[in-house]
Structures are given as C-alpha cells and as structure tokens.
Amino acid sequence: MRLLPRRSGNLWRLVVRPMLLALPFALLFFYLQGGSLEHIGDYYFASLFFWFAITLAIEVNRRWVAPRLLPPGELEAGPPRALQIASYAVAAMLGSVAAGALLHYTIAPSTFGTGRDIALLLIYSALFTVAFLGVIYTTQMKRLWVEKAREETREEDELRIAAEIQQALLPPRIRAGRGYAAAGASIPCRTIGGDFFEYFDLSGDRVGFALGDVAGKGPSAAILAAMVQGIFQTNVDGDDGPAATLSRVNQALYKRGIETRFATIAYVVLTPDGRLVSCSAGHNPAYLLGRDGEVRRLETGGLMVGPFEDAKYEEEAVSLRPGDTLVLFSDGVTDAESASGEQFGEERLSFVLADREAGRTPEEILERILQATRVFVAGHPPADDITVLVVRYLGNQSTS
C-alpha cells in the first residue's frame, strides 16, 4: 500500500518538478540574452538540463552524503541545520557546474569558452542553487509547520476528550440525601487536572465524602487521580471508618510503586444522627462552620497516601447540629495567585466562609468560594487545580 505514494513522490521530485522549474528560468535567460522566439526551446532545453543535473546531485547528497553529516534521525526530525543546508548548496553548485560542462563539451560546444561565459555560468549556477534550495526548504518548512499544526490540533482534541471523560468520572455537582445536602466542583488549571471529589453511600444510611489532590499537573496527574479515585472506590468498606479506609488506599497505591507520586485526601463519614468522623491524609484541614458562627478545623489524620508503606492514620469524631456545614478544599484555592504573585491564602478563605448569610445553600457557598478566587486572580493563569466540596447536615430526617 506504500509503494504508490512513494513512487508518486519520486516522480514529482525527480521528473515533474525539474520540468516545471525549468520553464521560468528559461524565460529569464531568454529575456537576459535577448534571443529570438524561435530559439526559446533551446533555452528551455538548457534550463532543463541544469535542473536535472542539480536534481541528480541533490538526490545523491540526500541519500549518501547528508545522512553522514548529522546524527541519525535529525535530518527529518525538525528544521534544517546549517551543515545540512551547506551540503545541499554545494551539491546544487556542483550539479550546475557539471551541467554547464556537459553542455559545453556535448550539444553546445564553445558555449562557455570565454571568461565572461564562465562567469555567467557561475552566476547562473548560484541562481539555480538559491532557487532550488528556496523551493526545497520552503516546501520542507511548510510540511513541518503543517505537521506541527496537525499534531497540536490532535493533542488539543485528545485533551478535550480526556477532560470530558474526567468530568464524567466526577459525581454530580449537587447531591442530597437523608439528612444532608452537598455541592462540589473541580476546576483544573490545565485542560485536565489531578483533583477529584467523590460521594459514597455506605451501610446504615451513612454517606462518605472524599476530596483528593494528586501531586503534579496535567495528563500524568489526571491519570494518577483517576487511578486513586478508582482505588478509593474499591477500598471503601461500609463498616470501617475513614482511617481504616485511607490505610487500605495507601497500601494499594504504595504497591503500585509509582515513585515521587502521591496524593493527599480528606475523607469524612456522616451518619443520619449527625456524627461526623473525619481523617486527613496530608490534606488541608477542613472547615467546620457551626450554625451559630463558630468555625473549627478538622486536622486529625496522617501522611499523604502512596509513598510510605507503614503510614498510620487517626480519625476524630464530632457531633453536628442541623445547619452545620463542612467545607473541604484543595490547596489550589489557598495557593491561587494574583497577577502580582500574592496568594489567596487561608485568611481570605476564612473571611469568605465567615461572611455567609443565614440559610445560604451548599451550592451558594461553593460558588461564593469559586467566585472569590476568580476575582482575586483577575485573569491570572491558575497555578493549581481548584476543588471544593461543601456538605451541610440537615438533621435526622425521616425517609418518608
């Protein structure tokens, strides 16, 4: 299947292109020499003679000379190098001189017999060389640019599809169940990111909420985030608490042997009677906002998951009252930078959370945090993924 395109390329390069390029040069020489119309065919034949000789010399250089001048793979890997261009220039000049000599000693004797004729030959050889190299490298650069544009478009399409898949792996933005209402969102700093959040339905009408942040950014972090999210889902046990679950996740990720890669995770379990058990695996402490305005940080936990086989995790339990709200977030929120390099910080986040109206829904709190970071960075490219999960305890409501 590849023979036809290759033969077509050789036919164009070795036959068709020289015949086409010979025409404008024949007209140029005809004009410069002031010849009569009946001899224009002779000019075309002479120009064609030159172009075929140059093409043969270039082909010899391309196959046997140029590959020896540069390391393997570099000739076609990118823009032309100076040594490569020089080799083709010398080959074109030699081809032109050889064509002139053959014309002189065969079908056009004494054509280049005087010093002026030889000087004209050299000038014409230089013109042929410049024109040939211009055509060759203009074509090559165009091909490289087209290939680069196609590759960038293909990569953009692949990243767009990956972003759609990643968003599909996340749970719905808003979720409500027996005794709780929740809202979460993850905004990658690039097309795809390394953050995730998740809800888990557990036995006894309990529900788990997790928010994770994988080290790194871009595709590699997104792949690892999807893997950690999958590991988490398979290791959630309806009877265990957050500390035991994170311990299993850590063991599973450690066995994968992914060096220099880890994840921080905040995981909480909420029961219908308002008991909240939390554990932080190296993650930012969650904010617990009391309905009376009291703010508390949930910091108990252990090391990040992945790098340490024997990492230990602890958990803490608190009793919630209807209206209490939990806010989990990744460090992309507090590390968000303005154009001047100033970070959003914990203080600003605390101010945003403290300035809340009575009855504000989890989705409104979520949007308030995201909007505050957008206003703060003021269009400055984000340095990290931003993920927020807001959970409000509504009370031990009847399923009826």
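What is the handedness of the crossing of H8 and H9? The crossing is right-handed, that is, the near helix is turned clockwise from the far one by less than a right angle. The model is predicted, so local features need pLDDT of at least 70, side-chain atom pairs count only at pLDDT 80 or more, and totals for chains, interfaces and linings use all residues. Residues are numbered from 1 along each chain as its sequence is written, and side-chain values use heavy atoms, without hydrogens and water.

The axes of helix H8 (residues 345-354) and helix H9 (residues 362-377) come within 10 Å and cross at roughly 140°. Helices are DSSP runs of H or I with at least four residues, strands runs of E with at least two. Arg348, Leu349, Val352 and Leu353 of H8 meet Ile365, Arg368, Ile369, Ala372 and Phe376 of H9, with contact meaning heavy atoms within 4.5 Å. This contact has 7 nonpolar, no polar and 2 charged residues.

The largest nonpolar core has 48 residues. A core joins buried nonpolar residues through side-chain atoms within 4.5 Å. Strand S5 (residues 263-270) gives the largest share, 7 residues. Phe209, Phe232, Tyr267 and Leu326 have the most contacts inside this core. Beyond four places in sequence, the contacts of Phe232 include Ile265 and Tyr267.

Threonine 334 lies in helix H7 (residues 331-334). Its relative accessible area is 5%, so Threonine 334 is buried (under 20%, 1.4 Å probe, protein chains only). Among its contacts beyond four places in sequence are Phe344 and Leu349.

Methods: Buried < 20%, exposed > 50% of the residue type's maximum accessible area, 1.4 Å probe, protein only. Axes fitted to C-alpha atoms, helices over the stretch in contact; angles between N-to-C directions. Nonpolar A, V, L, I, M, F, W, Y, C, P; charged D, E, K, R; others polar.
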